Amino acid sequence: MTPTSRRRRYAVPFDPEHFAKAAAAHGPSAAESTFGTILAANHWAAGQPSGGGSDLGQTAVLREALPDLARRLGIRTVLDLPCGDGGWMATVAWPPGTQYLGADLLPELVARCQAQHSAPGRRYVQIGRAHV
């Protein structure tokens, strides 16, 4: 292809706030509504909002293995998406200096995680369609 045969490209307008505006205009997404209903109704009724697969007994082997895996692989940042109630991940003994970020769709779960589990190197944020 010669320089004269190339098509000229023009800038396309891009609004970085497009998804945030859409979320504000249209309310909660189907996923937000669905999981909000599940949380409010305690649908999984397993003693914690994230269901029986997230209890300390079910996650014991994984909680024990994760710190060593993080050390061996040199992992310095962990993104837990979706973090749910954050309960079992808050008990993982990450190597010193490891940063943990839990993110979830539901603001009420994020607020609960922030209140119950925030610590140095561990924080929680809401993420949804407006953020991706």
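Analyst: A polar contact is a pair of N or O atoms within 3.5 Å; within protein, one atom must be able to donate a hydrogen and the other to accept it, and residues adjacent in sequence count only if both atoms are side-chain atoms. The model is predicted, so local features need pLDDT of at least 70 and side-chain atom pairs count only at pLDDT 80 or more, while totals for chains, interfaces and linings use all residues. Residues are numbered from 1 along each chain as its sequence is written, and side-chain values use heavy atoms, leaving out hydrogens and water.

Start with Thr-91. Its side chain and that of Arg-63 are joined by a polar contact of 3.4 Å. Thr-91 sits in the loop between β1 (77–80) and β2. Strands are DSSP runs of E with at least two residues, helices are runs of H or I with at least four, and both are numbered from the N terminus. The relative accessible area of Thr-91 is 39%, so Thr-91 is partly exposed. That class lies between buried (under 20%) and exposed (over 50%), with a 1.4 Å probe and protein chains only. Beyond neighbours within four places in sequence, Thr-91 contacts Leu-56 and Arg-63; contact means heavy atoms within 4.5 Å. Leu-56 and Thr-91 are 35 residues apart in sequence, yet 8.8 Å apart from C-alpha to C-alpha.

Now Thr-59. This residue lies in the loop between α2 and α3 (60–73). Thr-59 is buried, at 4% relative accessibility. Not counting residues up to four places away in sequence, Thr-59 touches Gly-53, Ser-54 and Trp-88.

Next, helix α4 (residues 107–117). Its buried residues include Leu-109, Val-110, Cys-113 and His-117. These four cover an arc of only 100° around the axis, so they lie on the same side of α4. The arc is taken from the directions from the helix axis to the C-beta atoms. Among the elements covering the buried residues of α4 are α2 (30–40), β2 and β3.

Last, the aromatics. A search of the whole structure finds one aromatic pair. The ring centres of Tyr-100 and Tyr-124 are 5.7 Å apart and the planes stand at 65°, so the pair is edge-to-face. Rings of Phe, Tyr and Trp (its six-membered ring) pair if their centres lie within 6.5 Å; planes under 30 degrees apart are stacked, over 60 edge-to-face, and the rest tilted. Tyr-100 is in β2 (residues 99–104) and Tyr-124 in β3 (residues 122–126), so the pair ties together parts 24 residues apart in sequence. Tyr-100 is buried at 3% relative accessibility. Tyr-124 is buried too, with a relative accessible area of 3%.
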